[in-house]
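Biologist: I'd like to go through this one label by label. Can you back up each term with its value and its cut-off?

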Amino acid sequence: MKCSFCKKDIKSGTGKMFVRNDGRIYWFDKKKCEKNLLKLKRRAVKLKWTREKKENK
Ligand SMILES: [Zn+2]
């Protein structure tokens, strides 16, 4: 699988999985990526996903 943040390949057996309460699964190769994505998740949600679902904001 690939890191959900930096998109680098993660060797099997390494990395960390994170499941959001909406069911989305993230993989991180390092803590830095995890922190960055989780820290920025609100912004990422607004920029990416909600644009798909709530186009008429
Ligand atoms: Zn990464």
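Modeller: Let's start with burial: a residue is called buried if its relative accessible area is under 20%, and exposed if over 50%. By that rule C3 is buried, and so is C33. Keep in mind that this is a predicted model.

Biologist: What makes C3, C6, D29 and C33 the donors of the zinc ion?

Modeller: The cut-off for a donor here is an N, O or S atom within 2.8 Å of the metal. The SG atoms of C3, C6 and C33 and the OD of D29 sit at 2.1 to 2.2 Å from the zinc ion, so they qualify as donors. Along the chain they follow the spacing C-x2-C-x22-D-x3-C.

Biologist: What does the pair C3 and C33 tie together?

Modeller: C3 belongs to the segment before β1 (16–19), while C33 is part of helix α1 (residues 31–39), so the pair links parts that are 30 residues apart in sequence.

Biologist: Why is the zinc site called tetrahedral?

Modeller: Four donors get that label if all angles lie between 85 and 135 degrees. The angles here are 96 to 126°, so the site counts as tetrahedral.

Biologist: How do you know that β1 and β2 pair?

Modeller: Pairing takes at least two bridges. Four bridges join β1 to strand β2 (residues 25–28), so the two count as paired. They run antiparallel, and M17 stands opposite W27 in β2. The two strands form a hairpin with five residues between them, and G23 in the turn has a positive phi of about 95°.

Biologist: Which residue other than glycine has a positive phi?

Modeller: K7 has one, with phi near 70°. K7 lies in the segment before β1. Its relative accessibility is 52%, so K7 counts as exposed.

Biologist: Why is E34 called buried?

Modeller: E34 has a relative accessible area of 11%, and the limit is 20%, so E34 is buried. E34 is in helix α1. Leaving out residues up to four places away in sequence, E34 touches K16, F28 and K39.

Biologist: Which residues make up the largest nonpolar core?

Modeller: There are six: C3, I10, Y26, F28, C33 and L37. β2 and α1 each supply at least two residues of this core. As for I10, beyond its neighbours within four places in sequence, its contacts include M1, W27 and D29. In soluble globular proteins, nonpolar side chains tend to be buried together.

Biologist: What makes Y26 and F28 a stacked aromatic pair?

Modeller: Ring centres have to lie within 6.5 Å, and planes under 30 degrees apart count as stacked. Y26 and F28 come in at 6.2 Å centre to centre and 20° between the planes, so both tests are passed. Both residues are buried, and the count by this rule is one aromatic pair.

Methods. Residues are numbered from 1 along each chain as its sequence is written. This is a predicted model: local features need pLDDT of at least 70, side-chain atom pairs count only at pLDDT 80 or more; totals for chains, interfaces and linings use all residues. Side-chain values use heavy atoms; hydrogens and water are left out. Donors are N, O and S atoms within 2.8 Å of the metal (3.2 Å for Na, K and Ca); water is not among the atoms, so sites may look incomplete. Four donors count as tetrahedral if all angles lie between 85 and 135 degrees; four count as square planar and six as octahedral if opposite donors are over 155 degrees apart and all others between 65 and 115; anything else is irregular. Buried means under 20% relative accessible area, exposed over 50%, partly exposed in between (1.4 Å probe, protein chains only). Contact means heavy atoms within 4.5 Å. A nonpolar core is a set of buried Ala, Val, Leu, Ile, Met, Phe, Trp, Tyr and Cys residues joined through side-chain atoms within 4.5 Å. Rings of Phe, Tyr and Trp (its six-membered ring) pair if their centres lie within 6.5 Å; planes under 30 degrees apart count as stacked, over 60 as edge-to-face and the rest as tilted.
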